[in-house]
Amino acid sequence: MHHRRSRAGRRVLRTVRIGVLAAVIALSAACGDDSSGSGGPDPKGTPRQGGDLTMLVLGEARGLNPYTASASPQGDGSKLSALYDALLWSDPSTGTVRPQLAESMVADREARVWTLTLRQGVTFTDGTPFDADAVKRAWEKHLDPKVQSAASGTVKQLTLTVLDARRLNIGLPSPNANFDRTVVRLLNYVPSPKTLVSDVSLAASNTAPVGAGPYKLREWVPGSHMTFERNPNYWQTGKPYLDTVTMRISKDTSKDVQAIDDGDADMALTADPGTVTDAGDRGLAVSEIALSGGVSIAFNTRPNRPLSNPAVRRAIALSLSTEDIDRVFYADKGRPAKGIFESTSRLGNVQLSLPQNDPTQAAALFAQATDNGRKPIKVTYAVPNTPRSVQMAGYFKERIEAASRGMLTVQLETVDLHVYPKRVQLDADFDLTTSAVGADDPEPTLYQYLHSKSGTANLTGYQNPKVDAALEAARLSTDRTVRSEAYTRVQVELINDMPFFVFQESLTAIIASPKLTGVQLFGDGHVLWDRMGLRA
């Protein structure tokens, strides 16, 4: 697990709504003073038995079955992992995928057929066996158009065959040596088959979920909190350690650190570097995952749009400075980005960075693109209608127009949150917008964000055969050197094409009372609840 780095070391409608509105959360970051932090709660620590924990969460759950809930860490991810556990988990300390409810998941020599083997003797809390048929039925439910699942496109391409009670064969449409990472991202949470027998039973599982996880839902008071109690029949003897976990809605996330410091709560999840800094200053524990993707200005590169010209996109990037953005909006305490890979990535090339901060060159490119201003360009910046988002977009507008010397005009169009995802990602009705992507590994998130055939996940409409080929080459290997070389080719093309300008690195972190231990995050910030508890 990554801990707080020093300053010197920094360098489908429902589906769409989850991804695009992450940008709103990322733009709402508060600022704090710099600190190296106090370190994280030891993920390998052994807690004592018993006790209660209160976690502050961002808002009300959409529901508690895996098809309705938001699986993002800032959404309902912590609730899902408590109720359903995980088939697999990606270890941020090593970059590897490890089994949890699964005993193993291995590919054949061509990486075309994978075999998922489940642990023996696992049951759901309703007594139903957690077997291969249950996993198959759970995955196939993503195909039901009524549930509008983020995983439907993936499952549609799979051939699922139950070999026996514990083994499921998974046939892929093309080789993918990293398909286990897709399972972690999209298919990790399996509900009891009894909740899938009808629309009525599925709807009921929104408020009465049935999983095989370490905890069961005891109480849900809408607008206030959820309380989860220990699953006495959990598959790991002696676990979980805690008696109850209460997830309480935070009315004001800027006060989360104070609440934990005062003992009014025990932990919270954040994507805000300022909150991480504040927690470290107070001596609270911090466990952090650095994520690739980042917060960016995304350009609509599609034909016949004003920004289909890469020279104009480059000029916009050269109008801006990541350090200035960090100073103005993150109090100089964020992580200015160099590109789509975060600065400690095992797979990114840290020698490569997107162009920025050269107003003179920007002006020359604007002049070239507009015939010295005789053919001025007008673009629309679609911005979610929140004060912070509008403030940042206004800053970008001012800087870009100043560098263009009047040759390019940015028109801000504030869009209500309930229609923002449809307009931006489904309808692609924008020239510039703000995007936030968080990925612990390029598979499958960055693949989908950049590949020309990935549909609405490719927000910018980016089309580059060299990038497609490099992404596919990286998908075929688990060797770090091979993958890194492929992603270096991707980075080179992104520098040439500029489909977006990444200005801040993404992160997910747990801030916690020092009395907690055994805290382990996985993926893009989900909690493994079976090993967390109070210090002995």
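Reply: Happy to! Let's begin with the residues that touch: P310, R313 and R314 in helix α10 meet I495, N496 and D497 in helix α17. Keep in mind as we go that this is a predicted model. Sorted by class, the contact of α10 with α17 has three charged residues, two nonpolar ones and one polar one.

Now look at how the two helices are placed. Helix α10 covers residues 310-318 and helix α17 covers residues 480-497; their axes come within 8 Å and cross at roughly 90 degrees. Angles of 65 to 115 degrees count as roughly perpendicular, so α10 is roughly perpendicular to α17.

Next, find helix α11, residues 322-330, which holds D326. With a relative accessibility of 0%, D326 counts as buried, because the cut-off for that is under 20%. A polar atom of the D326 side chain lies 2.9 Å from the backbone nitrogen of G334.

Finally, let's turn to the nonpolar cores. The largest has 70 residues, and L87, L116, F130, W139, I170 and W529 are the ones that touch the most other members. Helix α4, residues 132-140, gives this core its largest share, five residues.

Notes. Residues numbered from 1 in each chain as written. Predicted model: local features only at pLDDT ≥ 70, side-chain atom pairs only at ≥ 80, totals over all residues. Heavy atoms only, no water. Axes fitted to C-alpha atoms, helices over the stretch in contact; angles between N-to-C directions. Helix = DSSP H or I, 4+ residues; strand = E, 2+ residues; numbered from the N terminus. Parallel < 35°, antiparallel > 145°, perpendicular 65-115°, else oblique. Contact = heavy atoms within 4.5 Å. Nonpolar A, V, L, I, M, F, W, Y, C, P; charged D, E, K, R; others polar. Buried < 20%, exposed > 50% of the residue type's maximum accessible area, 1.4 Å probe, protein only. Polar contact = N/O pair within 3.5 Å; in protein donor to acceptor, adjacent residues only side chain to side chain. Core = buried A, V, L, I, M, F, W, Y, C linked by side-chain atoms within 4.5 Å.
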